[in-house]
Amino acid sequence: MNSAMVESICIFGSVARATVDELSDKDVLIVVSDPARRIELSNSWQSLGWSVSAYSPKRFDAIYRAGSLFVQHLRLEGQVVSDPGGWLTQRLHRYRPKRTYTLEAQNSVSLALPIERFVDDRPIQASLLAADLAYVSVRNFGVCELADRGSYTFDYDHIVDAVSDIRGLSPYETKLVRSLRLGKSNYRSDKQLSHFDGSIGDLKDIIGKIFPNRRLRTLPVEARPRCLGTGYSSLRDIEATVVSRLGRLPTIREIESGGLMPVWKLVQRPSHYTWSIRQVGLSHHLLPTFGGNLSEKSNFLAKEFL
């Protein structure tokens, strides 16, 4: 099929697995050639409460060739709901994962490094971003590590059980890791938990068990955001810098007055990290402009991030 005519839609994640609960996202993949149509479909699905991963055929083929486990996830668990001409169906049928994901499993620690922005004795309940970061890191490690062992598992509870066995986590640590999904959900919906056990130090200890070659430290408050190997991790380090210094998420007014809106839109829309990262100039020449002392919290973005 001509890639200029592709319009494919596939439901995946907990909806496709029929394991939906109150914390579940409703995940849908949209692969469409025409940019305007891609935006139209994305907005339509988002208005119905779906979390949209929108790709051009070229971009999807890039992750396909790279051996992405996301494609394996779609192949094993996805439900194709629209695919005129069979463009997506044919690719999923032909797809085979790589032989090893050892490097990807090891590099998953970079997703947890922004947790170094938070002090050890701070409760996780007061730093839900740290729970979000740890969730993403642990899940990514588990998916890759299990794939290396010939098991393709994408359900978080199953991943936690496997990682706990592989790394010898205690019952308390396993319970805390399982609860990270709740912390992630509450952080992204900007809700407050009534109770959430554990401290940032506990999280760092668990990450140290999962990644024994990279113990998490605590960065000084004035430390600047870092390039952490990928655009995703680097953006999340900016997010953690802002949140840890403010003690909360910034307001829209603060973001706008500081000129951070292009970056913060990417922070709020993780699905855009992979393709938009260069559009905001997030690279080694930009990151050194971030830093300074946020002791005066009013108008802090304008003072510190321009």
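This is a predicted model: local features need pLDDT of at least 70, side-chain atom pairs count only at pLDDT 80 or more; totals for chains, interfaces and linings use all residues.
Stop 1: Start by showing the strands. You will find an open sheet of four, in the order β3-β2-β1-β4, with mixed pairing. Look at the edges, where β3 (51-55) and β4 (79-82) stand; each has a single partner strand, so one side of each has no neighbour in the sheet. From one strand to the next, the twist averages 25 degrees.

**Stop 2: a parallel pair.** Now select β2 (residues 27-32) together with β3. These strands run parallel and are joined by five bridges.

**Stop 3: the core.** Which residues touch the most other members of the largest nonpolar core? Select L29, F60, L74, I115, V177 and L180 to see them, among the 59 residues of that core. Its largest share, 13 residues, comes from α7. Zoom in on L74: leaving aside residues up to four places away in sequence, L74 touches C10, F12, L29, F60 and L92.

**Stop 4: helix α7.** Select residues 128-148. This helix has 21 residues and reaches 30 Å from its first C-alpha to its last. Is α7 mostly covered or uncovered? Mostly covered, with 18 of its 21 residues buried. After α7 comes G150, with a positive phi near 85 degrees.

Stop 5: Finally, find N107 in helix α6 (residues 102-107). N107 counts as partly exposed because its relative accessibility is 44%. Its C-alpha lies 9.3 Å from that of N140, although N107 and N140 are 33 residues apart in sequence.

Key
Residues are numbered from 1 along each chain as its sequence is written. Side-chain values use heavy atoms; hydrogens and water are left out. Helices (H or I, at least four residues) and strands (E, at least two) are DSSP runs, numbered from the N terminus. The expected span of a helix is 1.5 Å times one less than its number of residues. Buried means under 20% relative accessible area, exposed over 50%, partly exposed in between (1.4 Å probe, protein chains only). A nonpolar core is a set of buried Ala, Val, Leu, Ile, Met, Phe, Trp, Tyr and Cys residues joined through side-chain atoms within 4.5 Å. Contact means heavy atoms within 4.5 Å. Two strands pair if DSSP finds at least two bridges between them. Axes are lines fitted to C-alpha atoms, for helices over the stretch in contact, and angles run from 0 to 180 degrees between N-to-C directions.
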